[in-house]
Amino acid sequence: MSDIRNIVVLTGAGISAESGVPTFRGPDGLWEGQRVEDVATPEAYARNPDLVLDFYDQRRAKLGTVEPNPAHEALGRLDREWSGELLIVTQNVDDLHERGGARRLLHMHGELKSGWCMACGDRFPFSGKMANRPACLSCGEQGKVRPDIVWFGEMPYKMDRIDAALATCDLFVSIGTSGAVYPAAGFVQTARYSGAHTLEMNLDPSEGSIFFHESRMGKAGELVPLWVEGLLG
Ligand code: OAD
């Protein structure tokens, strides 16, 4: 491990599960009682904005009731103490990584606590209810603010920066993601192609499990602190 300098960590819903945030692909195939195509696509928003805005309002409000768990905190420690390059890429839209101390962090699927104005294009911190059709904090236009979330069919954020980090990383670590959604599911192959060692930590083998050099199965809240401790010594 002594030759590792550049690390990319990818996280998914599994890292927040022990904090009480439900994962996406439950056994019933529903995401908190809804079909993904009814709440997480631009078409769903066009068809039934009230349903979609209310769904994300509820998820946003729930953030006030959950706390970072030992896995988020371990990544916060890694961020503080790792002197090499580090990029934590999360698919999660919650704010638990920030609250766990992560700073070198990027939300590739957007953030619940951000609003995006369809009138002026600005994005801004948002903590209220979008179903109330608030005015844009930048241009003042009423009723044009949507969740700053990447829906199916939309382009994930900051892909240039992520690709650059993957191209130069020595270690790629995937935590709590099913490997079902691209482009994130393909990061392991990009990192391997760049010569990185690849490690997966998940409750059960992800769809791309065979692409990893090493797989550790179990709860993120137990595995991630052990891994960080081993790395920082
Ligand atoms: P998923 O719900 O697809 O997968 C979560 C993974 O975490 C599963 O493989 C679980 O086995 C695992 N898991 C559950 N509890 C865990 C624990 N305590 N410790 C470790 N692993 C655990 O969530 P994602 O892979 O994040 O996209 O989903 C990817 C994307 O699909 C999401 O960002 C979202 C969704 O549709 C958008 O909204 C664009």
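Which residue places a backbone N or O atom 3.2 Å from a nitrogen atom of the ligand? In this predicted model, that residue is Leu 203. The protein buries 92% of the ligand, which taken alone exposes 800 Å².

Ser 178 brings a polar side-chain atom to 2.6 Å from a ligand oxygen.

Now widen the view to the shell. The ligand is surrounded by 22 residues. Glu 18, Phe 24, Arg 25, Thr 177 and Ser 178 are the closest of them. By type, the shell holds ten polar, eight nonpolar and four charged residues.

Next comes the space itself. The ligand sits in the largest pocket. The volume of this pocket is about 840 Å³. Its lining takes in 42 residues. Closest to the pocket centre are Ala 13, Phe 24, Arg 25, Thr 177 and Ser 178. Two elements each give two or more residues to the lining: helix 1 (14-17) and strand 8 (197-202). The lining divides into 22 nonpolar, 14 polar and six charged residues.

Some names return. Phe 24, Arg 25, Thr 177 and Ser 178 are among the residues closest to the ligand, and they are also among those closest to the centre of the largest pocket.

Note on methods. Residues are numbered from 1 along each chain as its sequence is written. This is a predicted model: local features need pLDDT of at least 70, side-chain atom pairs count only at pLDDT 80 or more; totals for chains, interfaces and linings use all residues. Side-chain values use heavy atoms; hydrogens and water are left out. A residue is near a molecule or strand if one of its heavy atoms lies within 4 Å of it. A polar contact is a pair of N or O atoms within 3.5 Å; within protein, one must be able to donate a hydrogen and the other to accept it, and residues adjacent in sequence count only if both atoms are side-chain atoms. Accessible areas come from the Shrake-Rupley method with a 1.4 Å probe; for residues, only the protein chains shown count as cover. On a 1 Å grid over the protein atoms alone, a cavity is a set of points where a 1.4 Å probe fits but cannot get out, and a pocket is an open set with protein on both sides within 12 Å along at least five of seven lines; lining residues have an atom within 4 Å of a point. A molecule sits in a cavity or pocket if more than half of its atoms lie within 2 Å of its grid points. Ala, Val, Leu, Ile, Met, Phe, Trp, Tyr, Cys and Pro count as nonpolar, Asp, Glu, Lys and Arg as charged, and the others, Gly among them, as polar. Grid points are joined across faces, edges and corners, and a volume is the space filled by probe spheres set on the points. Helices (H or I, at least four residues) and strands (E, at least two) are DSSP runs, numbered from the N terminus.
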